[in-house]
Amino acid sequence: MAMATRQSERKPATTGSMKSPMTMTEKILAKGAEKAEVKAGDNVWVNVDVFMTNDISGPGSIGIFRKEFGENAKVWDREKVVVIPDHYIFTSDERANRNVDILREFSLDQNIKYFYDITDLSNFKANPDYKGVCHIALAQEGHCRPGEILLGTDSHTCTAGAFGQFATGIGNTEAGFVLGTGALLLKVPQTLRFVMDGEMPDYLLAKDLILQIIGEISVAGATYKSMEFVGTTIESLNMEERMTLCNMVIEAGGKNGVVAADSTTFKYLEDKTSVPYEPVYSDALASFHSEFRFDISKLEPLVAKPHSPDNRALARECKHIKIDRVYIGSCTGGKTQDFLAAAKLFLASGKKVKVPTFLVPATQKVWVDIYTLIVPGSGGKTCSQIFEEAGCDTPASPSCAACMGGPKDTYARMNEAQVCVSTTNRNFPGRMGHKEGQIYLASPYTAAASALTGYITDPREFLH
Amino acid sequence: MAASLTRISYSSAFTFSASKTSVLSPSLFASSIKVPTFSPLTVKPLCSTFAPHAAHGISFTRHATSTPASVLDTSTKTFHGLCYVVGDNIDTDQIIPAEYLTLVPSNPAEYEKLGSYALIGLPSSYTTRFIEPNETKRKYSIVIGGANFGCGSSREHAPVALGAAGAKAVVAESYARIFFRNSVATGEVYPLESEARICEECKTGDVMTIELGESRLINHSTGKEYKLKSIGDAGPVIEAGGIFAYARKTGMIPSQSN
């Protein structure tokens with residue numbers, strides 16, 4: 001079949017009819033600012049699509065909102081504010097409990113549509129509205145949508161970038177401002193591009209990828225920058241793995257992280273939201289600050305040693321390090337996929353853990369998944385059964401729990417100077433409670449493997 | 001993906017499990033919801049000329065309608081006092097450990113309490129503490145830091161704790177961005193940047209003066225002077241008392257007396 005000759009066709013860019021090429025982050029911020037285009041370095045006022053707050057930072061934000069806009073002021077849009085108690089929930093600390101009460105009073109007063117309340121602290125299942133960890137709840141409840149701008153009063157709000165949206169953390173004062181106006185002044189960041197191609201080895205998880213990157217560029221390597229993750233490896237990741245990747249963008253100082261929305265994203269969102277959305281994609285000719293390429297086949301399971309997320313080391317080179325406990329939980333490593341991975345490794349070993357192994361599902365839904373999903377190859381066992389057979393602690397009430405220490409009676413808080421392998425996101429001094437605690441950040445595979453030996457262990461010891 | 005896995009029914013999940021969890025059909029609400037009584041959070045006003053008002057709709061102008069320069073001149077501002085020196089990557093867990101985050105910064109009594117815990121998370125290698133355990137007087141008004149000061153969490157409690165503790169300015173080699181933004185938004189401390197690694201040349205207890213308008217730091221104890229990067233547009237915002245006060249002064253949002 002003859003094709004029409006194309007010699008008269010010119011590339012659109014040369015006709016001058018196209019805007020300058022933009023990155024995904026630039027496009028999202030341009031859309032939010034109602035401008036045709038923006039470039040890195042521009043300060044723009046953007047409309048906020050979703051604003052999230054939790055029990056740690058909500059009360060302060062509410063206080064500022066009321067003080068600045070008046071006691072009778074109403075939030076800019078009662079359907080765009082999502083209030084999620086999650087940090088210090090299952091505790092007898094009176095101030096922590098009071099902070100959840102403050103969220104409730106505000107949500108009732110403002111008729112907030114999405115308030116994931118908890119009133120019965122003795123039994124999380126008695127609270128049908130309660131979800132758990134805010135970033136996972138946002139995703140599971142359909143609040144993360146491609147092309148949108150999501151701001152939250154928590155640094156790990158960048159997790160939502162996995163959905164191809166601009167998501168970043170802000171402080172109480174800016175939150176108060178957003179509550180009143182639904183807008184914020186943001187500086188458009190340059191983008192760092194991370195290209196990962198190739199089939200993901202079966203002993204690696206997204207946590208290993210992001211630890212690799214942070215170890216490469218350091219905890220300040222992405223300061224004021226957007227981190228864009230591309231390549232066939234990234235495309236092969238499911239949504240929760242993409243969330244793990246974007247979750248730790250902040251640990252490199254990044255402003256936001258993004259993964260382009262694709263069929264995986266659309267499928268995930270199918271049963272979760274009916275709000276229309278419009279994904280955007282980086283132009284082929286968009287300019288990036290710098291590009292990093294990784295040969296996935298050469299990567300190995302990693303840990304971040306105390307006391308910095310960029311203190312990268314190979315797990316196999318740390319096998320002499322004796323540990324006291326393992327913690328599997330948080331927005332970073334407490335999702336359904338994270339527990340499935342840990343269960344898979346325990347199943348492959350068939351042995352029992354040698355140290356206390358704490359399991360904290362991020363949300364109620366994750367908790368249900370642990371108890372109902374059949375682990376492939378197990379002959380019909382659920383994650384919970386496998387965990388029980390391996391001697392892990394009973395999965396706890398969903399919340400942030402000990403990821404950041406918390407009040408002294410927080411489940412799995414490190415109250416003595418111990419060595420812990422954790423699937424969480426930070427290992428700064430005192431992060432999980434005790435100032436002299438030694439925290440090794442790792443993937444769920446590495447955490448499970450380490451629990452089985454009592455030493456930091458490369459998961460390939462158990463996965464074949 | 002979870003969607004492609006088989007799932008056993010929720011109720012059967014508990015018939016054979018020996019776990020401590022119990023089968024429960026959740027009641028819709030707890031039998032009585034305790035309605036909290038607490039007094040509205042009263043806050044130390046940033047600017048005493050503003051009277052509280054009751055507004056339903058909030059008008060918001062994207063562009064400043066008045067020039068702030070004459071009102072918010074930082075050219076003559078100086079800070080003078082003792083400095084406290086820390087190193088690189090001082091993260092928010094060290095500035096204000098998570099266990100203190102139940103304190104709400106917009107509550108005046110809790111604001112003061114936050115100040116008493118500023119930098120309490122620094123490791124024991126810092127033998128001179130920012131606030132000694134039995135001290136009520138706050139000694140240091142200038143914090144000298146290294147690279148990536150304030151990294152970690154977005155908690156606004158970090159610059160608030162420093163400000164409540166009496167720090168007027170931090171002078172660091174570089175900042176993590178959320179800490180920087182929060183310092184400016186709250187107006188609690190000036191996040192100044194040095195051009196050299198001052199943290200290696202200054203000692204805790206050195207007497208210092210910062211001439212803000214000249215972007216200059218003088219260490220009287222060593223006799224050395226240092227150039228700082230200009231605070232730029234962030235200066236007037238902090239000087240006004242944070243973004244709200246600034247937004248009102250420049251006409252971006254209506255003043256509270258309207």
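## A serine and its surroundings in chain A

The side chain of A:Ser290 makes a polar contact with the side chain of A:His289, at 2.9 Å. Please keep in mind as you look around that this is a predicted model.

A:Ser290 belongs to strand 11 of chain A, which covers residues 290–295. How exposed is A:Ser290? Its relative accessible area is 23%, and because buried means under 20% and exposed means over 50%, A:Ser290 counts as partly exposed.

## Partners from elsewhere in the sequence

Which residues does A:Ser290 touch once neighbours within four places in sequence are set aside? They are A:Thr191, A:Leu192 and A:Arg193. For A:Arg193, the C-alpha atom is 6.2 Å from that of A:Ser290, although 97 residues separate the two in sequence.

## The sheet in chain B

Let us turn to chain B. Here you will find an open sheet of 7 strands with mixed pairing, in the order 4-3-2-1-5-6-7. Its edges are strand 4 (190–193) and strand 7 (224–227) of chain B, each of which pairs on one side only. On average, neighbouring strands of this sheet are turned by 30 degrees against each other, direction ignored.

## One strand pair in detail

As a general point, strands of a sheet pair through backbone hydrogen bonds, either parallel or antiparallel. In which sense do strand 1 and strand 5 of chain B pair? Strand 1 (residues 78–85) and strand 5 (residues 207–211) of chain B run in the antiparallel sense, with 5 bridges between them.

Terms used:
Residues numbered from 1 in each chain as written. Chains lettered and ligands numbered in written order. Predicted model: local features only at pLDDT ≥ 70, side-chain atom pairs only at ≥ 80, totals over all residues. Heavy atoms only, no water. Pairing = 2+ DSSP bridges. Helix = DSSP H or I, 4+ residues; strand = E, 2+ residues; numbered from the N terminus. Axes fitted to C-alpha atoms, helices over the stretch in contact; angles between N-to-C directions. Buried < 20%, exposed > 50% of the residue type's maximum accessible area, 1.4 Å probe, protein only. Contact = heavy atoms within 4.5 Å. Polar contact = N/O pair within 3.5 Å; in protein donor to acceptor, adjacent residues only side chain to side chain.
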